[in-house]
Amino acid sequence: MLEVRTPVHDDLIDHLVRTTPLRRGEAARIVLDVLAYFDETTEEYVRRRHRELQSRGLANTEIFARISSELPRRAVAPPDLSLRQLRRLVYG
């Protein structure tokens with residue numbers, strides 16, 4: 001199996017390997033996935049969450065209320081966005 005090396009995050013990967021049952025490649029993949037998740041822009045996050053929640057059958061009223069409540073808990077919270085601003089991010 002090809003081993004994924006991420007020199008910048010080797011200390012974190014080493015920590016995960018020591019403290020979990022993960023193998024090095026699995027730990028590296030998780031670190032990269034988490035970094036990609038937090039690298040999303042506000043617009044990308046809103047659009048992705050809208051698609052996810054819509055696919056679960058939720059109505060837009062509930063979707064935008066939920067997204068609005070989730071945004072302040074992001075690692076780097078964006079400014080407060082109105083429900084109208086959230087709709088504009090999704091529909092333009």
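The axes of helix α3 (residues 42-55) and helix α4 (residues 60-70) come within 10 Å of each other and cross at roughly 135°. This is a predicted model, in which local features need pLDDT of at least 70 and side-chain atom pairs count only at pLDDT 80 or more, while totals for chains, interfaces and linings use all residues. Residues are numbered from 1 along each chain as its sequence is written, and side-chain values use heavy atoms, with hydrogens and water left out.

Me: Why is α3 called oblique to α4?
Reply: Angles under 35 degrees count as roughly parallel, over 145 as roughly antiparallel, 65 to 115 as roughly perpendicular and the rest as oblique. The crossing is at roughly 135°, so α3 is oblique to α4.

Me: Which residues make the contact of α3 and α4?
Reply: Tyr45, Val46, Arg49, His50, Leu53 and Gln54 of α3 make it with Asn60, Ile63, Phe64, Arg66, Ile67 and Glu70 of α4. Contact means heavy atoms within 4.5 Å.

Me: What makes α4 and α5 roughly perpendicular?
Reply: The axes of α4 and helix α5 (residues 83-91) come within 10 Å and cross at roughly 105°. That angle puts the two helices in the roughly perpendicular class, so α4 and α5 are described that way. In this contact, Asn60, Phe64, Ala65, Ile67 and Ser68 of α4 meet Leu83, Leu86, Arg87, Val90 and Tyr91 of α5.

Me: How do you know that the rings of Tyr37 and Phe38 are edge-to-face?
Reply: Rings of Phe, Tyr and Trp (its six-membered ring) pair if their centres lie within 6.5 Å; planes under 30 degrees apart count as stacked, over 60 as edge-to-face and the rest as tilted. The centres of Tyr37 and Phe38 are 5.0 Å apart and the planes stand at 85°, so the pair is edge-to-face. By this rule the count comes to one aromatic pair.

Me: Why is Tyr37 called partly exposed?
Reply: Buried means under 20% relative accessible area and exposed over 50%, with partly exposed in between (1.4 Å probe, protein chains only). Tyr37 has 35%, so Tyr37 is partly exposed. Phe38, at 45%, also counts as partly exposed.

Me: What makes Arg74 count as buried or exposed?
Reply: Arg74 has 11% relative accessibility and therefore counts as buried. Arg74 lies in the loop between α4 and α5. Leaving aside neighbours within four places in sequence, Arg74 is in contact with Tyr37, Phe38, Glu40 and Tyr45.

Definitions and conventions: Axes fitted to C-alpha atoms, helices over the stretch in contact; angles between N-to-C directions. Helix = DSSP H or I, 4+ residues; strand = E, 2+ residues; numbered from the N terminus.
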